[in-house]
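Please consult the sequence and coordinates shown below.

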Amino acid sequence: MKYFRCLLFLFSFGLLFVFQTGIAQETSLMRVGAASRDATPEIGTETFAWGKSVGVKTPLLTQVLYLEKNNERLFWVVNELIAVESDFARQIQNELSGLFQIDQANVLVSATHTHSSPATMRSSGDYWGPYCDVYLDQKLRPLILDAAKEALSNAEDCEMISVEGQCSLSIERRDKPTRHLDQRVPCLAWKRKDGSFKATLLLYAMHPSAYIYYSGEPIVFAAEWPGSVSRALRENLPGNPVSLVLNGACGNINSPKRNPTDEEMFAWGNEIAHSVLEKIMNSQPLENPSFIVTQTNASLEYNVLTEAEIIKTAESLFNEGTSFWDVKRNAAGHDWKTSRLNELSNETGKSRSLDVHGVLLGNRYFLTLPLEVFSRFNLYMNEKRNHSIPVYCVGYTNGEFGYLFHKEAYEEGGYEPSSHLYYNHFQIKQGELECLVDQLLPFVQKTTDSL
């Protein structure tokens, strides 16, 4: 009898061990789906700032990443475009929520901010408004919905690898005393059981605006460096993974030169990708990685002008020229003046509400903003937190409301502090970047400090 009890105990213990080990293995896995679509517009489509495209240098992709672990789910849509408008992002959130019973707060719609792309955001003067509607509604929306369906249907169990590289390719575009660069390259990779890779998600902070057409050369669509990075990761990782590239806090950061050759652009992509490729291949997957998606609202305050100040500011844009940009600038000045005077009479336009999302993936925290953020945002946020989990700002997500710059930039001058004239709002108050860091600090800490 004693012998029998001993055997029963050992058998029960063995079952418990196997059961617990199975749970541990399962919790280290995530359900991961991914899909990609070619969203390149037809030749002759209006680009954001330069006129009609006459060709395609590299295709523009829209890519969807689907993640699921325990009761948390996320659709992350990344478009190789200059921006997506907030109304369009909300439409996608609503539709994916209805189709797949997912919370709208768990749908993110980002843009890489590539400038060699079609008109997908409005500005003062609304010259691009009609083109935005046609491309977003008729071309992009069906592709996103189709890719999301595929990503959900092909989801499979994967382990997550988390690495960070450094890449010194980017340059500070403002030669000012408070110049700053953030050259971190966080990258997440999801690995199948057979060792191949399902998907990757990489972030780097650098303006994709290297192809500039002021000189009258032919205008072509191109994904620029984000497309080159995506291609390099696909080609160098087994499994040909869907490789999504996000843009970070790059409001003050440019590519190393203007108008690179095709070979130089591909080399940039390889340089960024290879800052993490070896680490991805040699790193062990995370054990039971955290996956938390949260949402909050924040606000920015504007400098509201008097009627006389509005008229004077608008007049500073007017000139007698007849070039493409002269015509657009004059229209922008008129539209900005009319809109601000209306806001003044209605006592509106004093602030901007922001849709902000936090995504904790393993040992990295991504904070999404619908802005072109200066890189000091990351510096201040991480200094104030002093936490082992780093924060990375993801710009151009669920909208694009213009530049957010640190307080010294007002006195230093430059294009960015006056760009509100084209984004059709009052100038952001001095110190709002620093205020936004303080606003969002408790939101970030609530997630990271609970681990």
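In which order do the eight strands of the open sheet lie?

## Basis of the model

This is a predicted model, in which local features need pLDDT of at least 70, side-chain atom pairs count only at pLDDT 80 or more, and totals for chains, interfaces and linings use all residues. Residues are numbered from 1 along each chain as its sequence is written, and side-chain values use heavy atoms, leaving out hydrogens and water.

## The open sheet

The order is β5-β4-β3-β1-β6-β8-β9-β11, with mixed pairing. Strands are DSSP runs (E, at least two residues), numbered from the N terminus, as are helices (H or I, at least four); two strands pair if DSSP finds at least two bridges between them. Because β5 (107-111) and β11 (242-247) each have a single partner strand, they stand at the edges and one side of each lacks a neighbour in the sheet.

Strands β1 (residues 29-38) and β3 (residues 61-69) run antiparallel and are joined by eight bridges. Ala34 has Leu65 in β3 as its bridge partner.

## Helices on the sheet

Helix α2 (residues 86-100) lies across β4 (72-79) and β5, at about 145° to β5. Angles run from 0 to 180 degrees between N-to-C directions, with axes fitted to C-alpha atoms, for helices over the stretch in contact. Helix α4 (residues 224-236) packs on the sheet and touches β3, β9 (197-204) and β11; contact means heavy atoms within 4.5 Å.

## Whole chain

The chain contains 12 helices and 18 strands. Of its 451 residues, 56% are buried, that is, under 20% relative accessible area with a 1.4 Å probe, protein chains only. The C-alpha atoms fill a box of roughly 105 × 45 × 45 Å along the principal axes.

Methods
Buried means under 20% relative accessible area, exposed over 50%, partly exposed in between (1.4 Å probe, protein chains only).
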